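Student: I would like to learn how to read salt bridges and helix contacts in a model. Could we walk through one together?
Tutor: Gladly; let us look at it first.

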Amino acid sequence: MSTLLSFCAVYLCKKIALKYSILDYPNVRPDKRQRTPIPFLGGLGFIITSSSLMSFLWLTNKFNLFDSASLLNQNLIFPFRLYWIIIAIGILTVGGILDDKYTLSSKQLSGYIIFAVLIAVFAGNLKIEAFSYPFNVFLPTFGFLPQALAFFWILACTAATKFLDGHDGLAATVSIIGLFSIASVSLFSNVFQPLIFLFALIWISGISSFLFFNFPEANLYLGESGAEVIGFIIGVLSILSGAKVATAGTVIGWFIVDFILVILTRYKQKKPLFKADRNHWHHRLVDLGLNKIQVLIATTVLMLVTAHLGLILPTQFKPLILLGQPIVLALLLVHVWRVNKNTK
C-alpha cells in the first residue's frame, strides 16, 4: 500500500513539474548529460507520503492507538520530537523546490539546509552521546557536544546524497541500501527499535517507487528536495536506531568522503566549491568507459558488500571499512588522472 501511494504521488508530481516547467534542461549542468528536458520533483511525491505515514505511525505509538505502544515504544533511546523533524523535512522540501525552479545561490542553498538541520537536532532532541569504538564510553555531556556531533553527521549525510544525484538511479539505490542497514540494526537484540525499523521500511518503500522513474535512462529526477531529504532521513534514523553511525557510514560514508575529496579538488583548482562539475566518483567511472547501468551496478555491489560487512563484523573492525573508503577513492582519482593524462 505504501509503495502504491508513493508511486501515484511521484507520478502526480512529475505531471506538476511538467506543467509548471520545473525541469532540468540539457547542457545546463556539466555533471548531467541528458538529451531532453527532464522534470524535477520526483522526490516530492515520496517525501509527502513517507512523512505522512511516518507521522501516523508515530502518533499511533504516542497515543497507544490500536494498543500498539507495548510493541513500538520499547527501548527508545530518548524521546525525540518527530514533529520538529517533519518541520525540518518541510524546510528542505520547500527550499529544494525553489532551487529547482529558480536556481538559488550557494549561500541561500546552504542557509536553508543548515537551518533545517539545526531545527531537527536542537528542537527534535537528536544527539550522539557515545561511540562504541574506540572509546566504548559515553561522551561528556557538557555543553552541546552530543548535539554538535548529531548536527555535523546529519549535515554530512544530507550533502552526500545531494551530490549523488548526478547519475541516474544512484542516489535512490544507495539510500535504499543505507536504510536497509539501519532497519537491520534496529532489530538487533542489543538495540531493538521496532518503531525505527518501520520508519526505515516506509522510506525504503517510498524511494523504491521513485526508482521506477529514475532507473537509467531516467525520465524523472529527484530534484534538490528529494536528494537532500533522503540523506537527511538516513542521518536522523541512524541516530535514532542507537547512534549506529559507523554502520550507516559503511554505506553513506563513501559519498561523504567523495564529497570531501571533490571540495578539496575544487579548492585546489580554484573553482567554486559548490558549483556542479564532473569530479565525483560516478563521473570518474563513466570517464573510464563504463555506461550508466554499469556504474550503477558496480556501485550497488560495492555498497551491498560494505553494508553487509558493517552488519556482521564486530564493532572494532568497522573503522577499517571507514578508513578504507578514502584510500579506495583516492586511488580511483589518481588512476583516472593518469588515464586522462596518457590520452592527451
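Student: Is Lys-162 buried or exposed?
Tutor: Lys-162 counts as buried, because its relative accessibility is 16%. The classes are buried (under 20% relative accessible area), exposed (over 50%) and partly exposed in between, with a 1.4 Å probe and protein chains only. Before we go on, this is a predicted model, where local features need pLDDT of at least 70, side-chain atom pairs count only at pLDDT 80 or more, and totals for chains, interfaces and linings use all residues. Residues are numbered from 1 along each chain as its sequence is written, and side-chain values use heavy atoms, with hydrogens and water left out.

Student: Which residue does Lys-162 meet in a salt bridge?
Tutor: Side chains of opposite charge can pair when their charged atoms come close. The rule here asks for a side-chain nitrogen of Lys or Arg within 4 Å of a carboxyl oxygen of Asp or Glu. Lys-162 meets Glu-224, at 2.4 Å from N to O. Lys-162 lies in helix H6 (residues 145–162) and Glu-224 in helix H9, so the pair ties together parts 62 residues apart in sequence. Helices are DSSP runs (H or I, at least four residues), numbered from the N terminus. Glu-224 is buried too, at 11%.

Student: How many salt bridges does this rule give?
Tutor: The count comes to four. One of them joins Asp-168 to Lys-292, with the closest N and O atoms 3.2 Å apart. Asp-168 sits in the loop between H6 and helix H7 (170–186), and Lys-292 in helix H12 (residues 292–312), 124 residues away. Asp-168 is buried at 5%, while Lys-292 is partly exposed at 24%.

Student: Which other partner does Lys-292 have?
Tutor: Lys-292 also forms a salt bridge with Glu-217, at 3.1 Å between the closest N and O atoms. Glu-217 counts as exposed, at 56% relative accessibility.

Student: At roughly what angle do H5 and H9 cross?
Tutor: Axes are lines fitted to C-alpha atoms, for helices over the stretch in contact, and angles run from 0 to 180 degrees between N-to-C directions. The axes of H5 (residues 106–123) and H9 (residues 223–240) come within 12 Å and cross at roughly 35°.

Student: Which residues make that contact?
Tutor: Contact means heavy atoms within 4.5 Å. H5 brings Leu-109, Tyr-112, Ile-113, Val-117 and Ala-120, and H9 brings Glu-224, Glu-228 and Phe-232.

Note on methods. Helix = DSSP H or I, 4+ residues; strand = E, 2+ residues; numbered from the N terminus.
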